[in-house]
Amino acid sequence: MEFASVPGCDICPFLHNDNDDLVVLETEYWRVVLDPNDQYYLGRMYITSRRHVGHEEELRFDEWMELRHVKVRVAEMLKKGLKATHVTSMVMMNNAYR
């Protein structure tokens, strides 16, 4: 499934990144990318919807279910690969107002 970039979107660069080395996981609805600029917290990455969603409550049920599985997989990878003992996540909708 191909997703078009939206001009002025701060998130699209994570979805259309030419550096495949930064892509950790890709699913039908989500893309997980390592943050190339900030690894102060080792393993920092973005789980980004592959379609433009203005607000979290606009996610469809199937997108929510897949997000849950993505978060579980990411946590497993961090625990196994980086020996993480604690995995923190947050929802940032800072650009949703645009």
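**Exercise 1.** Determine which residue of β3 is the bridge partner of Arg31, and describe the sheet around this pair.

*Solution.* Step 1: In β3, Arg31 has Thr48 as its bridge partner. Strands here are DSSP runs of E with at least two residues, and helices are runs of H or I with at least four residues, both numbered from the N terminus. The model is predicted: local features need pLDDT of at least 70, side-chain atom pairs count only at pLDDT 80 or more, and totals for chains, interfaces and linings use all residues. Residues are numbered from 1 along each chain as its sequence is written, and side-chain values use heavy atoms, with hydrogens and water left out.

Step 2: Strand β2 (residues 30–34) runs antiparallel to β3, and five bridges join them. Two strands pair if DSSP finds at least two bridges between them.

Step 3: The open sheet has three strands in the order β1-β2-β3, with antiparallel pairing. Its edge strands, each pairing on one side only, are β1 (23–26) and β3 (45–49).

**Exercise 2.** Identify the salt-bridge partner of Arg31, and classify both residues by accessibility.

*Solution.* Step 1: A salt bridge requires a side-chain nitrogen of Lys or Arg within 4 Å of a carboxyl oxygen of Asp or Glu. The side chain of Arg31 meets that of Glu26 at 3.1 Å, N to O.

Step 2: Buried means under 20% relative accessible area, exposed over 50%, and partly exposed in between (1.4 Å probe, protein chains only). Arg31 is therefore buried, at 5%, whereas Glu26, at 42%, is partly exposed.

**Exercise 3.** Examine the salt bridges of Arg44 and Arg60 in the same way.

*Solution.* Step 1: The whole structure contains six salt bridges.

Step 2: Arg44 is bridged to Asp35, with 4.0 Å between the closest N and O atoms. Arg44 is partly exposed because its relative accessible area is 29%; Asp35 has 7% and so counts as buried.

Step 3: Arg60 and Glu63 meet through their side chains at 3.5 Å, N to O. Arg60 is partly exposed at 38%, while Glu63 is buried at 1%.

Step 4: Arg60 and Glu63 also belong to a salt-bridge network that links them with Arg51 and Asp62.

**Exercise 4.** Locate Trp64 and state its accessibility class.

*Solution.* Step 1: Trp64 lies in helix α2, which covers residues 61–81.

Step 2: With a relative accessible area of 33%, Trp64 is partly exposed.
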